[in-house]
Amino acid sequence: MLEVRKICKAYGNKQVLQDLSFAINAGEVYGLLGPNGAGKTTTISILCGLLQADHGELIWHDHQERDSRINPQFINSPRRNLSQSKSWRSLIGIAPQENIFYKNLTCAENLIFFGKLYGLTDRLSRQRAVNCLDLVGLSDRIDSIAEKLSGGMQRRLSMAIALVHQPLLVILDEPTTGLDIEARYEIWELIRKLSSQDTAILLTTHMLEEAERLCQRIGIIKQGQLLAEGSLQELRGYVPAQEIAIVQTPCEDLVIARSLELGFAYRHYGKDLALLLPRTMELKEILECFDGIVIDSLMRQPVRLENIYIEITQTKSKLSLQKDDSPKAILLM
Ligand SMILES: Nc1ncnc2c1ncn2[C@@H]1O[C@H](COP(=O)(O)OP(=O)(O)OP(=O)(O)O)[C@@H](O)[C@H]1O
């Protein structure tokens with residue numbers, strides 16, 4: 001539905017986005033992940049028309065297969081494409097990292113205000129305010145002053161504001177940062193609900209568990225380049241393991257040497273020593289492999305998104321997935 005094609009952006013001499021391309025489909029939750037400074041916010045700002053790209057295209061493929069294209073260079077231009085960019089913006093809603101509502105207004109007043117900003121009539125803005133607050137579970141807070149709401153409710157109010165003009169794509173920039181677990185669950189449920197209603201969602205988050213739970217596809221970027229893209233299952237192909245064993249031992253060198261003899265790759269995740277098991281193995285079988293070496297504890301775990309993420313963002317050499325039976329994760333570096 002939305003295709004981002006070869007977007008480039010530099011701040012002065014610093015190239016921040018380099019030929020970044022990805023696409024988001026209707027009803028899909030697409031996770032855009034990457035370390036601090038990778039270029040996620042810059043990408044979002046370009047999608048929303050807050051920032052101009054140097055090169056590239058944004059293409060909206062509508063249901064009738066009629067494409068509308070915007071050269072992002074001109075999204076904010078007073079000279080060109082202004083009417084087109086207005087209609088472009090009406091397709092997208094954003095809940096930015098920082099809440100942007102007016103603290104002293106009520107929930108309803110905020111929604112009506114933003115509805116009118118998007119060009120809705122007074123009547124429609126009021127109607128949409130009621131509908132959106134209902135959608136995000138804030139019906140009983142319609143007349144509450146925004147700043148009196150809990151942190152989780154404030155995030156849901158931000159999401160309601162992003163939805164007030166019924167956009168086809170909603171951008172959620174770190175929607176659960178700073179929230180407690182219950183508030184997080186509520187946001188996750190809301191994201192699932194929106195997705196089931198065919199809204200496309202672009203999600204950025206540093207919480208990999210969140211992306212793992214919610215996203216149908218994930219793009220991982222670093223230094224403005226898309227390193228890998230695919231479903232969680234497809235991305236698992238980047239980690240050469242069926243399962244991971246986390247080992248605590250006073251004899252780490254011995255464990256590593258034995259692992260290499262056995263053909264197990266190993267990684268350090270922080271202070272944890274992790275063995276990448278090429279097949280699923282029982283604990284007893286793993287322990288037998290290290291017979292004679294002191295092992296304090298051993299824990300098996302499945303390959304998680306955090307393992308994949310580290311593999312992709314910290315791999316120095318170029319990744320390659322060329323076998324016929326290899327996962328369909330797209331290789332972009
Ligand atoms: N206005 C600006 N002027 C100069 N450099 C900038 C500007 N805004 C961002 N940058 C730089 O561009 C790069 C990408 O920043 P961006 O905020 O897009 O990354 P990010 O992936 O969103 O990071 P985070 O996860 O920390 O939010 C960073 O190196 C940042 O320092």
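Visitor: Into which domains is the chain divided?
Guide: The chain is divided into domain 1, residues 2–235, and domain 2, residues 240–302. Please keep in mind that this is a predicted model.

Visitor: And how far apart do the centres of the two domains lie?
Guide: The C-alpha centres of domain 1 and domain 2 are 41 Å apart.

Visitor: How many helices and strands does the chain have?
Guide: There are 11 helices and 15 strands in the chain.

Visitor: What percentage of the residues is buried?
Guide: Of the 333 residues in the chain, 36% are buried. As for contacts between residues at least 6 apart in sequence, 69% of them join residues at least 24 apart.

Visitor: Let us turn to the ligand. Which residues surround the ligand?
Guide: The shell around the ligand consists of Tyr11, Lys14, Val16, Gly34, Asn36, Gly37, Ala38, Gly39, Lys40, Thr41 and Thr42. Two elements, strand 2 (14–24) and helix 1 (40–47), each give two or more residues to this shell.

Visitor: Which element gives the most?
Guide: Helix 1 does, with three residues.

Visitor: How do the shell residues divide into nonpolar, polar and charged?
Guide: Three are nonpolar, six are polar and two are charged.

Visitor: Back to helix 1, then. Why does it count as largely enclosed?
Guide: Helix 1 is largely enclosed by the rest of the structure because six of its eight residues are buried. These buried residues are Lys40, Thr42, Thr43, Ile44, Ile46 and Leu47.

Visitor: Which residues other than glycine have a positive phi?
Guide: Lys6 is one of them, with a positive phi of about 50°. Asp19 is another, with a phi near 50°. As background, most residues other than glycine have a negative phi.

Visitor: Where are Lys6 and Asp19 found?
Guide: Lys6 is in strand 1, residues 2–11, and Asp19 is in strand 2.

Visitor: Why does Lys6 count as partly exposed?
Guide: Lys6 counts as partly exposed because it has 13 C-beta neighbours inside 10 Å, and a residue must have 20 or more to be buried and 12 or fewer to be exposed. Asp19 is likewise partly exposed, with 14 other C-beta atoms within 10 Å.

Visitor: A new topic: strand 3. How many of its residues are buried?
Guide: Five of the five residues of strand 3, residues 29–33, are buried, so the strand is largely enclosed by the rest of the structure. Val29, Gly31 and Leu33 point one way, while Tyr30 and Leu32 point the other way.

Visitor: Which strands pair with strand 3?
Guide: Strand 8, residues 200–204, pairs with strand 3 in the parallel sense over four bridges. Strand 9, residues 217–222, also pairs with strand 3 in the parallel sense over four bridges.

Visitor: What stands opposite Tyr30?
Guide: In strand 8, Leu202 stands opposite Tyr30. In strand 9, Arg217 is the bridge partner of Tyr30.

Visitor: What is the order of the open sheet of four strands?
Guide: The order is 12-13-11-14, with antiparallel pairing. Strand 12 (265–269) and strand 14 (297–302) are the edge strands, each of which pairs on one side only. From one strand to the next, the twist averages 30°.

Visitor: How many bridges join strand 11 and strand 14?
Guide: Six bridges join them, in the antiparallel sense. Glu243, for instance, has Pro302 in strand 14 as its bridge partner.

Visitor: Which helix lies across strand 11?
Guide: Helix 9, residues 252–262, lies across strand 11, strand 12 and strand 13 (272–277), and runs at about 15° to strand 13.

Visitor: What about Gln248: where is it found?
Guide: Gln248 is in strand 11, residues 243–248. It is partly exposed, with 15 other C-beta atoms within 10 Å. Leaving aside neighbours within four places in sequence, Gln248 is in contact with Asp296 and Ser297. Gln248 and Leu298 are 50 residues apart in sequence, yet 6.4 Å apart in space, C-alpha to C-alpha.

Visitor: One last thing: which residues of helix 11 are buried, and what covers them?
Guide: In helix 11, residues 305–314, the buried residues are Leu305, Asn307, Ile308, Tyr309, Glu311 and Ile312. Their cover includes strand 3, helix 7 (208–214), strand 9, strand 10 (225–230), helix 8 (232–235) and strand 11.

Note on methods:
Residues numbered from 1 in each chain as written. Predicted model: local features only at pLDDT ≥ 70, side-chain atom pairs only at ≥ 80, totals over all residues. Near = placed C-beta within 6 Å. Nonpolar A, V, L, I, M, F, W, Y, C, P; charged D, E, K, R; others polar. Domains from an automatic or database assignment. Contact = placed C-beta atoms within 7 Å. Pairing = 2+ DSSP bridges. Axes fitted to C-alpha atoms, helices over the stretch in contact; angles between N-to-C directions.
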